[in-house]
Amino acid sequence: MHNGGVDYAERTVMAIVSATTVSASTLASRAAKHPCRVTACGIGFLVPLKLKNATVHSVFARACNIETQDGTLVTLLDYRLGNAPHGIACEVPDSFAFNSEIRPGTKVSVRDGELTLEQTALVVDLSRAVRWSGAPSQHAVDPTSRATRNSLAMIWRMLQDSSRSRGLFACWSLPNETASPLHAALLRRLAVCLPLLARGTVARDATTIVKALSAMIGLGIGLTPSGDDFIVGYLAALWSQSSRDATLPPLLGLLRAPLESMIAKTGAISRQLILDASAGQFSEPLVDLVRAIADGDDERVAITAARALRIGHSSGADALLGLLLGNDPRAFAASISNQPVSNQPVANQLESIALDA
Amino acid sequence: MLESPHSKPATLFKVVRREYRDSVSLMQLSSSLTKMAGVSQASAVMATENNLALLAEARFEISGSDAGAADLLIVVQGDAAALPAAIDTAVAHLTRQADVGSSAGRAAVLPRSIQSALADAPSANLVLVSTPGEYAGAEAMKALRQGLNVLLFSDNVPEEDEVRLKQFAKERGLIVMGPDCGTAIINGIPLCFANVVKRGAIGVIGASGTGLQQITVLVDNLGLGISQAIGTGGRDLHSNIGGITFSTALSDLTADVDTKVIVLISKPPAPEVAERILSEAARAGKPVVVNFLGADRANISRPGIYPAKTLEDAARTAVDLARGIAPRASYDLSLPMPSGLPKLALEQRYVRGLYSGGTFCYEAAMLLDERLADVYSNSPVRPDGAMKDVWHSHRHSLIDLGDDVFTRGRPHPMIDFRLRNERIVGEAEDPETAVILFDVVLGFGSHADPASELVPALRRAGEAAAQAGRSVIFVAFVCGTDRDPQGLARQTQALREAGVHLMQSNAQAVRLAASIVVGRAPARARPRDVRPVA
C-alpha cells in the first residue's frame with residue numbers, strides 16, 4: 001500500500017500517545033508544535049551502537065549534543081541540517097526547538113530502538129533510520145581539472161558576496177579604519193598560518209601542515225571557533241582527492257595522530273568535528289558540495305555551496321575557506337595576498353607570532 | 001569577575017563555565033556590547049588556548065583567568081566606569097536566553113501516558129497513537145479499555161491486531177481510525193496530514209489519506225464544508241478486516257444531523273465487503289457518493305448511491321447533492337488547452353508524473369491508461385504496467401515518490417523535496433519528456449513552503465531543457481486551501497510565475513497532460529475493459 005496515510009505514517013512527527021477533547025482542543029497544532037515522539041531518518045556512520053551513561057552535553061534550537069561515557073558527542077539534529085558522522089537526523093517540524101524540550105545534564109538511554117531523554121516528553125524512534133556515511137573519498141575531486149577550478153572560483157566569489165562580515169573571511173573585508181585590534185591580531189595570525197598551510201599542502205609536508213593547523217585550532221569567534229571549521233573544510237578537501245592522489249592517503253595518515261593530540265586545545269563540539277574529519281567523515285552539506293565539485297556540476301555546486309554557507313553564523317563560510325585552500329593551495333595563497341590587509345605593518349610582525357605546536 | 005590593573009584602556013572579563021551558545025548568539029552578544037556607551041571593544045569567544053593568545057595580542061588584559069576551552073569568555077574594553085554594566089548586560093543576555101528556552105520547555109511538556117493525559121483533559125474522548133507498529137496495538141487497546149476512540153497513525157500494525165482492536169471497539173460503540181490513518185478532520189480539527197477546511201454538511205470516509213485530502217479540499221474550494229472526515233486505514237475494506245471501521249463511520253455519519261451527504265473513498269474493496277458496505281450505504285437515508293478508484297461504476301450504482309469515477313467527480317457530486325442540484329453523470333470537463341504552450345520537439349512524447357501522494361499517482365495511472373498506451377507506474381492499475389526500474393522512467397511513467405523504496409532514510413516527499421527536485425531536473429534532461437506532472441500537497445504535516453523548494457528545481461529543469469534546444473511543459477495541481485498554513489494563493493502564484501500550468505484537481509491535471517501528448521505518443525488501441533470490483 002502506498003497511499004499517503006500509509007507511507008508517511010511513521011515518518012512524521014506526531015504525539016506519541018495523547019488524549020484530548022476533540023471538540024475543544026487543537027491537537028493537530030499541539031502535535032505539530034510540541035511533538036514528544038520524533039522519528040530518526042538517518043544515523044551517522046560513527047554513531048556508537050550503545051550510548052552508555054550518556055547525558056545531554058549542550059542543546060540548541062536545532063541540535064542537541066549527547067555526551068557518552070567516553071566523551072564522544074552524538075548529536076540529535078533537525079534533518080534539515082543534513083546528516084552528520086556522529087549525528088542522528090530527526091524528523092521534527094519546522095517550529096520545533098530542541099532547547100524548548102531538553103536541558104543539559106538530562107540522562108539519555110537507548111533501548112528497543114528508542115532513544116529516551118529522561119524527564120522530557122521526547123522519544124526518538126531509531127527503528128527506521130538508515131546508516132549514513134559522510135565519506136567524500138568516494139567522490140574523487142580532480143583539483144587540476146578546469147571544471148574543478150571553475151567550481152572553486154565560484155565558491156570564492158560566493159564567499160566574497162556573502163561573507164564580508166562573517167568568520168575568517170571578514171578579516172580581509174574590514175576597512176583599516178574600522179578593524180579592531182582583535183581583528184588585526186587575527187589577521188596577522190592568518191597571514192602567517194594560511195601561506196604556511198598552503199606551502200605545506202603543496203609539498204605534502206605533514207610537519208609544516210601540523211604547525212599551521214596547531215596555530216589555527218580553537219582560533220576565532222563562534223561556538224566552534226572559525227579555525228576549527230576551517231580545519232574541517234581543509235580536511236574535506238584532502239579526503240575528497242585521496243582516491244586519485246596517491247600522496248594523500250599517507251599524508252592523511254601522518255596528520256591523524258597530531259590532530260587527535262591538538263584537539264585538546266579546543267572545545268568538545270569542535271573536538272568531535274575534527275576527530276570525524278581526521279577519520280574522513282564529514283557532514284552532509286559538505287559531502288554534497290564535494291560530490292558536486294567532483295561531478296563538475298556548476299549548478300549543484302552553487303546550490304550546495306549556498307546550503308553550506310547557511311551552516312551556523314560563520315561555520316559554513318569558514319569550512320568553505322578551508323575547502324578552497326585544501327583543493328588549490330597555490331591559488332588560495334595568491335587570492336589572500338590580493339586581499340586588502342588592515343592595520344599594517346603585518347610583515348614585520350609575522351616572525352613574532354609563535355607557531356610552535 | 002576580574003579587572004585588570006591597568007587603567008587605560010580598562011579591561012574587564014567574565015568566564016562563564018561550560019556555557020555553549022550558538023555562534024549567532026555569541027555574535028549578537030559581542031555586537032550589542034560593542035554598541036554600549038563607554039565600550040570600545042568587546043568579545044565573546046570560547047576560551048581556547050589560541051583565542052587567549054589572540055586576546056592578549058590584541059591587548060585585552062586577561063591575566064589571572066583560569067578559563068578553559070569549554071568556557072565562554074566575555075571581555076570588554078573601554079572606560080573603566082562603563083565596563084561593569086557591560087558585563088552585567090552580557091550576563092543578563094545569557095540568562096534571558098536560558099529563560100526563554102526553559103519556559104518553552106515547561107509549556108511543551110506533554111503527558112507520557114494515556115492516564116496522565118486524561119488527568120490533564122478528563123473529558124477527552126479520542127486518543128491519537130503514533131508509536132512503532134509493534135507497540136501501537138497495546139497503546140490503542142489501553143485507550144479503548146478506558147472508553148476512548150482511537151486514531152491509529154502508526155503503520156506496521158499486524159493485521160490480526162487490527163481485527164482484534166476494531167472488534168473490541170465495535171462491541172463498545174467506539175471507533176478505531178487506522179492503522180496507517182494519515183488524515184482525519186474531526187469536529188473541524190485537522191489531525192495528522194490534513195487541510196484547514198470550512199465546516200459543513202459533507203461527511204467523508206476514506207481508506208486513503210491523500211484521497212481524503214483531495215475531497216475535503218475540493219469541497220472547500222467549491223464553497224461548501226466538511227462535517228467529519230474519517231480515515232479508516234488502507235486495509236479496512238480487505239476481507240480479513242471486513243470494513244468494520246467503514247461500517248461504524250457510516251453508521252455515525254448516518255446518525256449525525258450535521259451531515260447531509262456522505263462520501264466513501266477507497267481502492268476497489270473485497271467484493272463481499274463492498275456489497276455489505278454498499279447495502280448499508282443504501283439504507284443511510286442520505287445520498288452517498290462512492291469513489292472506489294478503478295472499480296466498475298455499474299456494480300456500485302443503486303438507489304441513493306452515486307458512483308464517481310474520480311476524486312474530483314466525487315467532490316463535485318457531493319457538492320451538487322448538498323446544494324439540492326441533480327449531479328451530473330460525469331464531470332469530465334472539456335477544458336480548453338491553455339494558451340502559450342511551447343512547441344515540443346518530435347521526440348518529446350511522454351508524460352512523467354512525479355507524485356508525493358500515492359492515491360494521486362494511482363488515479364493518474366488509471367486516467368492516463370484510458371487514453372494512452374505504454375503507461376508504467378510503481379502504483380500500476382494493471383500488472384503489466386508495473387515499472388521495472390523505478391529510478392529510471394520508461395515511456396509514460398507515473399511515480400509515487402512516497403513508496404518505501406524512495407523514503408528509506410529520508411522524510412516523506414511531502415516534507416522533503418530533494419529527491420523529487422533531482423528527478424524533475426533529470427526528467428527535463430530526457431529528450432523524450434514532454435510533460436512533467438506533479439502534485440503539491442499543503443496542510444498540516446506538509447512542508448511549510450513547498451513552492452520555495454520546487455521553484456528553483458523547476459527553473460533548473462527549464463534551463464536544462466533549453467540548453468538542449470527544447471521546452472518542457474510543467475502541469476500540476478495544488479491540494480490545499482487558503483487557510484492552510486502554507487496559503488494556497490501564495491503557493492499557486494509562485495508556481496505559476498515559474499511557468500507551471502496549474503489545474504484545480506489531479507484529474508484535470510492528468511487530462512491536460514494526456515491532451516498535450518495524445519497524437520505524439522501511441523494511443524490506447526481500444527477503451528479499457530471495465531474492471532470488476534475486486
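Reader: How many cavities does a search of the whole structure find?

Author: Here's the general idea: rolling a probe the size of a water molecule over the atoms shows where empty space is left. On a 1 Å grid over the protein atoms alone, a cavity is a set of points where a 1.4 Å probe fits but cannot get out, and lining residues have an atom within 4 Å of a point. Grid points are joined across faces, edges and corners, and a volume is the space filled by probe spheres set on the points. In this predicted model, the search turns up seven cavities of 30 Å³ or more.

Reader: Which residues lie nearest the centre of the largest cavity?

Author: Its lining has 10 residues, and Leu401(B), Pro411(B), Pro413(B), Asp416(B) and Leu419(B) lie nearest the centre.

Reader: And what about sheets?

Author: Strands of a sheet pair through backbone hydrogen bonds, either parallel or antiparallel. Strands are DSSP runs (E, at least two residues), numbered from the N terminus, and two of them pair if DSSP finds at least two bridges between them. Chain B has an open sheet of six strands, paired in parallel, in the order 16-17-15-18-19-20.

Reader: Why is one side of strand 16 and of strand 20 of chain B left without a neighbour in the sheet?

Author: Strand 16 (375–377) and strand 20 (500–503) of chain B stand at the edges, so each has a single partner strand.

Reader: How many bridges join strand 18 to strand 19 of chain B?

Author: Seven, between residues 433–441 and residues 473–479. Val440(B), for instance, has Val478(B) as its bridge partner in strand 19 of chain B.

Reader: How should I read the numbering and the values?

Author: Residues count from 1 along each chain as its sequence is written, while chains are lettered from A and ligands numbered from 1 in the order in which they are written. Local features need pLDDT of at least 70, side-chain atom pairs count only at pLDDT 80 or more, and totals for chains, interfaces and linings use all residues, while side-chain values use heavy atoms, leaving out hydrogens and water.

Definitions and conventions
Helix = DSSP H or I, 4+ residues; strand = E, 2+ residues; numbered from the N terminus. 1 Å grid on protein atoms, 1.4 Å probe; cavity = no way out; pocket = protein on both sides within 12 Å on 5 of 7 lines; lining within 4 Å.
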